[in-house]
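Hi,

Here is the structure I promised to send over. Have a look at it first, then read my notes below.

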Amino acid sequence: MKAALWYGPKDVRIEEVAEPVVKENEVKVKVKWCGICGTDLHEYLTGPIFIPVDVKHPATGAKAPVILGHEFSGEVVELGKNVTEFKIGDPVVIEPLVTCGECKACREGNYHLCDGLAFHGLMDLGGGLAEYTTFRKEFVKKLPEGVSYEKGALVEPLSVALHAIEVSELKVNQTAVVVGAGPIGLALIENLKALGAKNVIAVELSTKRKEFALKAGADLVLDPREVNVAEEVKNLTNGLGADISFEVTGVQAGFETSVDVIRKKGTVVVVSIWEKGVNFNLNNLVMGEKKIIGSVVYGEGIFVTTIKYLADGRIKADQLITKKIHLDDLVKEGFTALTGSDRDSQVKIIVTPDKSLID
Ligand SMILES: [Zn+2]
Ligand SMILES: [Zn+2]
């Protein structure tokens, strides 16, 4: 079968590899659509970040070259001998977490914080940027009727956003600021509105992304080059500041804005992955008893909730997919488009190994 293999930075190749063989507790999936994630781009440009190169990953035995792709949907084509929960032809998505099932976090239902956590499509023997993959049945979720394979490929990034909102302990009618309107920022905006936030304010520089933010449901978009963002947010909240902010830029200025815009005792949720540290005066936290909390991937049940929201229409995610490409064109039409000068006109590019799915 064809698969996209990461060999090194700027070296991703589409190659023929052996088809995976389904194990007794696994489901084999024929991939329909797989999104390209910011993490894939980091690995492509400056990796390895998560990808094991010199030593095999302790949990999975994987080592570069690895198959990429962790945001994908597909059709069940084969079942391991202990699998009765699915039938051939079921449309599914994969929650791409490899967990140990035994550590304290796993036992307490926080498997996303597992001591030995690995991602399928980064640190595992397979991934979604391939024709087929196999995965443990517990982490395969059915897509109900009405949720397309294209939307299925968005369940992973939408779940990152939904989990971050859960971490924020958002209450109905609160005001939230989303700093950075990339794919996860847009997913946050739509989820925040769906979950009852009164005002959702986006902070963004790019013209194109400002439009996307409004389409996703933001009440207002502020550009830090044009206005004093913290002052504007105060004006909109009776001089208090927002209840919650989400840091989705991964850069110092974005972090500072995230702290400045919240009220006393407000919460900053950091969702970005950081390439380097920040230099920050902690008095900005101390003097207002503000809280900063991290959020990573998605806890138990989040995938199922996201699928439910897509099925009942609470979440539409219509603005997220901006381009559909074939696996053969991954580097040229995918990675290059998302890292080049015109990258802000793209949100999510989804990839299929199946030519018949391309319009
Ligand atoms: Zn991702
Ligand atoms: Zn564990």
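Predicted model: local features only at pLDDT ≥ 70, side-chain atom pairs only at ≥ 80, totals over all residues.

What follows covers the metal site and then the nonpolar cores.

Residues are numbered from 1 along each chain as its sequence is written, chains are lettered from A and ligands numbered from 1 in the order in which they are written, and side-chain values use heavy atoms, with hydrogens and water left out.

The zinc ion (ligand 1) has Cys37 (SG), His70 (NE2) and Glu71 (OE) as its protein donors, 2.1 to 2.8 Å away. (Donors are N, O and S atoms within 2.8 Å of the metal, or 3.2 Å for Na, K and Ca; water is not among the atoms, so sites may look incomplete.) Along the chain their spacing reads C-x32-H-E. Cys37 sits in the loop between strand E3 (26–35) and helix H1 (38–46), while Glu71 belongs to strand E5 (residues 71–79), so this pair ties together parts 34 residues apart in sequence. (Helices, H or I with at least four residues, and strands, E with at least two, are DSSP runs numbered from the N terminus.) Cys37 is buried at 12% relative accessibility, and Glu71 is buried at 1%; buried means under 20% relative accessible area, with a 1.4 Å probe and protein chains only.

On to the largest nonpolar core: it has 89 residues, and Leu186, Leu188, Ile189, Leu192 and Phe246 have the most contacts inside it. (Such a core is a set of buried Ala, Val, Leu, Ile, Met, Phe, Trp, Tyr and Cys residues joined through side-chain atoms within 4.5 Å.) Helix H4 (residues 155–168) gives the largest share, seven residues. Another core, of 16 residues, lies apart from it and includes Val261 and Val268.

Cheers

Definitions and conventions
Buried < 20%, exposed > 50% of the residue type's maximum accessible area, 1.4 Å probe, protein only.
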